[in-house]
Amino acid sequence: MIKEEIQKQIFQAVEMVKQTNPMAGSITNTVTINFVANAQLAVGGSAAMVYLPDEAEFLAKAGKATYINVGTLLPIYEQTLPHIAKVLHQEGKPWVLDSVAVGIGYLRTKLLQQFKDYKPTIIRGNASEILALAGLWGLDGGTEVSNVRGVDSRDTVTAAKAAAVALAKWTGGAVAVSGETDLITDGSLIVYSYGGSHFMQKITGAGCSLGGVMAVYATTASPFIAAITGTAAYNLAGARAEKKVNGPGSFQVHFLDQLYEASADDIAKNPFEIKEV
Ligand SMILES: Nc1ncnc2c1ncn2[C@@H]1O[C@H](COP(=O)(O)OP(=O)(O)OP(=O)(O)O)[C@@H](O)[C@H]1O
Ligand SMILES: Cc1ncsc1CCO
Ligand SMILES: [Mg+2]
């Protein structure tokens, strides 16, 4: 795909979301649940967060895409998450997996292992999470032992390239690795997306909310374009917000404003590079 074609599809995804207010339901962590919903609303989507299996199934069927984030697991998730992943897989509906803190605890490991066969359409995470998920799934380039520090990365984005490609080849969807420069792949092409702000590491949930926003774009665009579009919007809004603030508190507020204000044209033109795998 040539750069102009990707830019055209980014533009269309942003416009379509602004015009149609698509709903993407979420099962996400309790730390950043509010920020995820606010970011989804800022780009033009509609948010709904649930915990219970039947409610998750309802949202999965009612929406065109779903966001699943395993950041803070509750006992009920042992029922909710495999159930909803199966429903999404069977219905052929796109879903985004954020494999937060992969490596911690028995339930998280079991759930993330189960997701392998349900093939998340977009896998999003920081570099250590992508490396550890590929390792857990026995794919090339993964790390056998998770190097994640709680929810934070200890690896560089480029170190996760082979793992990201292997995950994308397995799912047939897209994988997005976040960091100073973001990497997005569909298994054959790699997009490097530039921008953002160091303040994004000083607020919690920049990554979680990015996953929620990717789910909003996945209601209308292919997994690869949805992942690129969300990332470009974040890199643009982050860079613009940084110019207006001196600290993380006001950054979060300005970031949401910039996400809301970013036009389809601005997001499509945010700097990125395309490489073959
Ligand atoms: N040093 C940085 N400079 C510019 N942008 C950054 C930097 N670090 C992260 N970002 C941006 O922040 C967003 C979230 O990425 P990050 O890697 O921090 O996610 P995460 O670790 O999963 O976050 P969280 O778990 O807190 O939600 C991405 O859009 C990324 O481009
Ligand atoms: C801080 C934190 N702890 C569990 S989930 C989460 C949000 C960022 O991933
Ligand atoms: Mg994260």
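Okay, let's start just after helix 7, where Gly172 takes a positive phi of about 80 degrees. Helices here are DSSP runs of H or I, at least four residues, strands are E runs of at least two, and both are numbered from the N terminus.

Quick housekeeping: this is a predicted model, so local features need pLDDT of at least 70 and side-chain atom pairs count only at pLDDT 80 or more, while totals for chains, interfaces and linings use all residues. Residues are numbered from 1 along each chain as its sequence is written, and chains are lettered from A and ligands numbered from 1 in the order in which they are written.

Back to helix 7, residues 161-171: 8 of its 11 residues are buried, so the rest of the structure largely encloses it. Buried means 20 or more other C-beta atoms within 10 Å of the residue's own, exposed means 12 or fewer, and partly exposed is in between, with C-beta atoms placed from the backbone. The buried ones include Leu167 and Thr171. They pack against strand 5, helix 6, strand 6 and strand 7.

Next, UniProt, in an unreviewed entry, puts "binding site" at Met49 and Gly205; such annotations may be inferred rather than shown by experiment, feature names are shortened, and positions use the numbering here.

So, are they buried or exposed? Met49, in strand 2, is partly exposed because it has 19 C-beta neighbours inside 10 Å. Gly205 has 24, so Gly205 is buried. Gly205 sits in the loop between strand 8 and helix 8, touching Val31, Thr32, Phe35 and Val36, leaving out residues up to four places away in sequence. Contact means C-beta atoms, placed from the backbone, within 7 Å.

Technical notes. Two residues are in contact if their C-beta atoms, placed from the backbone, lie within 7 Å.
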